[in-house]
Amino acid sequence: MEKLQNITLSEEYIDEEKNWITPNYTPIPAVLSKGEGVWVWDVDGKKYLDCLSAYSAVNQGHRHPKIIEAAKNQMDRITLTSRAFFNDQLGSFMKKLCQYSGMEMACPMNTGAEAVETALKIARRWGYWKKGVSENKAEIIVVNDNFHGRTITIVGFSDDPDTHGGFGPATPGFKIIPYQDINALKKAINKNTVGFMIEPIQGEGGIRPANLYFLKLLRKICNENDILLFFDQVQCGFGRSGKLFSHEWAKIKPDIMSVAKGIGSGFPLGACMSTNKACVAMTKGSHGSTYGGNPLAMSVGLEVLKIISNKTFLTKVDKTARYFWKNLKKLENSSNIISEVRGAGLLLGIKTNISNIDFSEQLKKNKLPFINREVRVYLNLM
C-alpha cells in the first residue's frame, strides 16, 4: 500500500475499508491491530481501554492465554469434520453447556442469529407436532426494541427502521408487543401462539433489564397457555449480568435459549439450547450447519466453560460491576451530560444529554472507545 503524504496509518486503513466494503457500518475511527486483556492498541500505537468488548463477545478479555492455547492445540489436530462425522470435542462441549445452563439438549451453530433462527424452527415445529396448531398458522410473540440478529426473518419483526427498512415483505407469524407489558401479552395470545421470545436484558435496545417480577410472570403465563418461553441470551449471557445467564436472577428456567458471543470469547460460536419437551420435533435432516459443531470452535468453547465455572469468575464480575455502577451513578447525579445509567453486572448503558456521536468522540480522545447511539459499557470480565 503506497503511503500518501501527511496521511496516518489509521487513515490509510480507514480509506481502504471505505473503498472496498459495503457501508453498512460506521465504525469509530480507531483501527485496532492488537488486544490483550481489557486493552487494545491501534495501528499508530495508541492504547485504549476496551469498553465495548465486541458486544459481549470477548468476556474473558482479548487473547486469554488458556483459550489461545486450546485453539492452537486443536488446530494442530483437526479443525473441521462437518456433522457428517462425529468428533471428539462436540459431545463434551454440549454436555457441559447443558449442565451449566440447566437445559437438556443443544444444537451447535456459529452465530447468534443462527441460534435464534434455530429456536424459531424448534418452536414452530413443536407447535405443529405437539400443540396441534394448524400447519402454517403458528405465531410467535416478540417485543418492541428487540434485536435478535440480521437475517431476513429476524429483521421482519424488528421495529427499528434502520434494521428492517427496505427488506420487506416481512416473514409472517410474528406479533410485536410493548416491552414488559403483561396485559399486551395476554391479549396477543391465541390458539396459534407457540412461543414468546425476549431478551432478559435488551442489548441493542438500550441496555434495558427486564423486571424480575415480570420474568416470573412470563414463566407462569407461558405455563398456563402451553407456550414455549424463549430467552435470547446472546449479549447478556455467560456472566455478563453477574450470573452465568441473566434469567437466573429471577430463578426461572426457559424452554429455549439462544447463546453466542461470550460462549466463544472472540471465536464464532453459537448454540440453541432447549428442554426435551421443546426440541422433540427436531429430527434427522430438519436442521444443520457445515461449520456448526466444528472441533476447533468446540475446543475454544470448552476452555471458556472451564474459565467461567471457576468460583472467582462471577465474584470478579460482581466486584468490578459494583465499582462501575457506583461511580457511574455519581456522574449521573452530578453531571449535566449523563442523564441515566442502567443495566446489570458489566452490561451497562449510559444515556446522555448530548449527541452520542460527540460523546463517543470525547471518550475516544480519552482512550475509552465506546460505541455511538446510547453509550454502552461492556468491559471485559476477566
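**Notebook: helix α11 and its surroundings**

I began with two helices and found that L90, S92, F93, K96, L97 and Y100 in α4 meet M298, G301, L302 and L305 in α11. I count a contact when heavy atoms lie within 4.5 Å. Helices here are DSSP runs (H or I, at least four residues) and strands are E runs of at least two, both numbered from the N terminus. I sorted the residues of this α4 contact into 7 nonpolar, 2 polar and 1 charged. For that sorting, Ala, Val, Leu, Ile, Met, Phe, Trp, Tyr, Cys and Pro are nonpolar, Asp, Glu, Lys and Arg are charged, and the others, Gly among them, are polar.

A note on the source: this is a predicted model, where local features need pLDDT of at least 70 and side-chain atom pairs count only at pLDDT 80 or more, while totals for chains, interfaces and linings use all residues. Residues are numbered from 1 along each chain as its sequence is written, and side-chain values use heavy atoms, with hydrogens and water left out.

Next I looked up the geometry. The axes of α4 and α11 come within 9 Å and cross at roughly 35 degrees. (Axes are lines fitted to C-alpha atoms, for helices over the stretch in contact, and angles run from 0 to 180 degrees between N-to-C directions.)

Then I turned to α3 (residues 65–75), whose axis comes within 9 Å of that of α11 (residues 295–308), crossing at roughly 155 degrees. The pair α3 and α11 is therefore roughly antiparallel, a label for angles over 145 degrees. On the α3 side I listed K66, I67, A70, A71, Q74 and M75, which meet P295, L296, S299, V300, E303, V304 and I307 of α11. That contact divides into 9 nonpolar, 2 polar and 2 charged residues.

Which residues touch the most other members of the largest nonpolar core? I found F93, L97, F238, V259, I263 and I308, out of 27 residues. Such a core is a set of buried Ala, Val, Leu, Ile, Met, Phe, Trp, Tyr and Cys residues joined through side-chain atoms within 4.5 Å; buried means under 20% relative accessible area with a 1.4 Å probe, protein chains only. The largest share of this core, 9 residues, comes from α11.

Last, I checked S274 in strand β12. S274 counts as buried because its relative accessibility is 2%.

Note on methods:
Angles under 35 degrees count as roughly parallel, over 145 as roughly antiparallel, 65 to 115 as roughly perpendicular and the rest as oblique. Buried means under 20% relative accessible area, exposed over 50%, partly exposed in between (1.4 Å probe, protein chains only).
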